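Subject: Model handover

Hi,

Here is the model we talked about handing over. Please open it alongside this note.

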Amino acid sequence: FRWAHGGARSCLCLDQCKSPTWLIIYSFVALNVSFLGIRRYYFFEAWQIRSRPQTSSQPKGAIVKISLKKASKLVVLSSGLALSSGLLVGCVADGEPYSPGGDQQPDFGPEVADPGTLTPPVIVVDPGVERPEPVVFAEDQVSASNLTISGDSVYWVDFIKGDALLKWTHIDGGEDFTVGPLESLPFSTAADDAGLYFAAKSDKNIVFASHLGLQSELLYFAKDEPLAISLTQDYAYWTALDGCLYQGAKEGGSTRAVACGTGAPISLAITDGHAYWATIEGDLFASSLTNIGAADLLASGQDFSAGIVADEAGVYWVDELNREVRRLKTSTGTVSALADSQYSPAGVAQDRFYLYFATQGDGSIKRVLKAGGSDVEVMAQQQAQPAELVATADSLFWINEGDGTVMRLQKNYAY
């Protein structure tokens, strides 16, 4: 470690830090303390600045990327330091103790992963760090579905006596707001910072509903019944009952067919300039977003009823019929099981390294590494028929169909 007194101009030296390195700067309020060669635990308010693990091409001590987050009150310090009130600067090499309580997390986003970096960094923590527990994010929902997140808003649709109500709240919780009843019933949804886009299968409409409380706006009248919808920065993409993928600008206007497969495509994922969609008949198709023509058939005989997610390395889903979590590796086209013998798996979400899924048979939320080769980890239990997961950089959200709640779980990568 190197340390600097807060009252003086200080020099930060990282030349002895191993690779990869975490840079930590703590401001604190404490009396003068000497460690006398003994490892101790101290509590004080702190702020952390951290860097991502280094790449092999960078020198020791290099700072790759810095972000600022409030740290937990528990700080684990090595022996052999003398402290005074002010500023403590240090570096923690890979494998040394690190406490990730609260929102102090490694960078596990964005969702799209570099195919060569699907193994998360090794983090060793104090065994006294408690697991986070799920909390009720919203309650008293009648029939909630279509859970989605964009920016700082969480959206879902609640179906009540034949009416569809669009609901949303801030990602940190608080009062939930309602728009509706909507004129068209959403079959699937996607969101951006402006609001919610949804495919209304029965009305053959693609609709935009602002979360500012404005009336929903018809963007497109689809040629066939629209099923799954997804967004890029400028465009909305949706699948239709005719087996095709369509594109239209978010502000409306003309549409075009991107590519066509067969069957009824009920799930759609877009990443890295490519679209992947899965049919109720069990086929998985792919196409470049700039393509015009036939789609590529990637897999058949699968169960995609719980939806798909995708990144640069693969397409992922839970197979309810075979009780497995599966991956299609896009570089080879092979399908493999990441987890098996699961109890009624339902719903799937992802971050950079992990797949998250629900098992309704035992009321659990679980995760497994995208790269494979890991055991399934249970993150939450005793949930009421959990389904429809979505993930952010630091949290998981899901709908409990059994008791009408929307749940949130702070992700803790250390257990």
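Below is what turned up, starting with the ground rules.

This is a predicted model: local features need pLDDT of at least 70, side-chain atom pairs count only at pLDDT 80 or more, and totals for chains, interfaces and linings use all residues. Residues are numbered from 1 along each chain as its sequence is written, and side-chain values use heavy atoms, with hydrogens and water left out.

The sheet. Four strands form an open sheet in the order β14-β15-β16-β17, paired antiparallel. Strands (E, at least two residues) are DSSP runs, numbered from the N terminus. Two of them pair if DSSP finds at least two bridges between them. β14 (188–192) and β17 (217–221) are the edge strands; each has a single partner, so one side of each lacks a neighbour in the sheet. On average, neighbouring strands here are turned by 20° against each other, direction ignored. That angle is taken between axes, which are lines fitted to C-alpha atoms. Between β15 (195–200) and β16 (205–210) there are 6 bridges. Leu196 sits opposite Ala209 in β16.

The cores. A nonpolar core is a set of buried Ala, Val, Leu, Ile, Met, Phe, Trp, Tyr and Cys residues joined through side-chain atoms within 4.5 Å. Buried means under 20% relative accessible area, with a 1.4 Å probe and protein chains only. The largest core has 16 residues; Tyr197, Ile206, Tyr220, Ile229 and Trp238 touch the most other members. At least two residues of this core come from each of β15, β16, β17, β18 (226–231), β19 and β20. A second, separate core has 15 residues, including Tyr354, Ala380, Leu389 and Leu409.

Asn146. This residue is in strand β10 (144–150). Asn146 counts as buried because its relative accessibility is 12%. Its side chain makes a polar contact of 3.1 Å with that of Ser145. A polar contact is a pair of N or O atoms within 3.5 Å, one able to donate a hydrogen and the other to accept it; residues adjacent in sequence count only if both atoms are side-chain atoms.

Gly243. The loop between β19 (235–240) and β20 (244–249) holds Gly243. Gly243 is buried because its relative accessibility is 0%. Its C-alpha is 8.7 Å from that of Ala259, 16 residues apart in sequence.

Best wishes

Key. Buried means under 20% relative accessible area, exposed over 50%, partly exposed in between (1.4 Å probe, protein chains only). Axes are lines fitted to C-alpha atoms, for helices over the stretch in contact, and angles run from 0 to 180 degrees between N-to-C directions.
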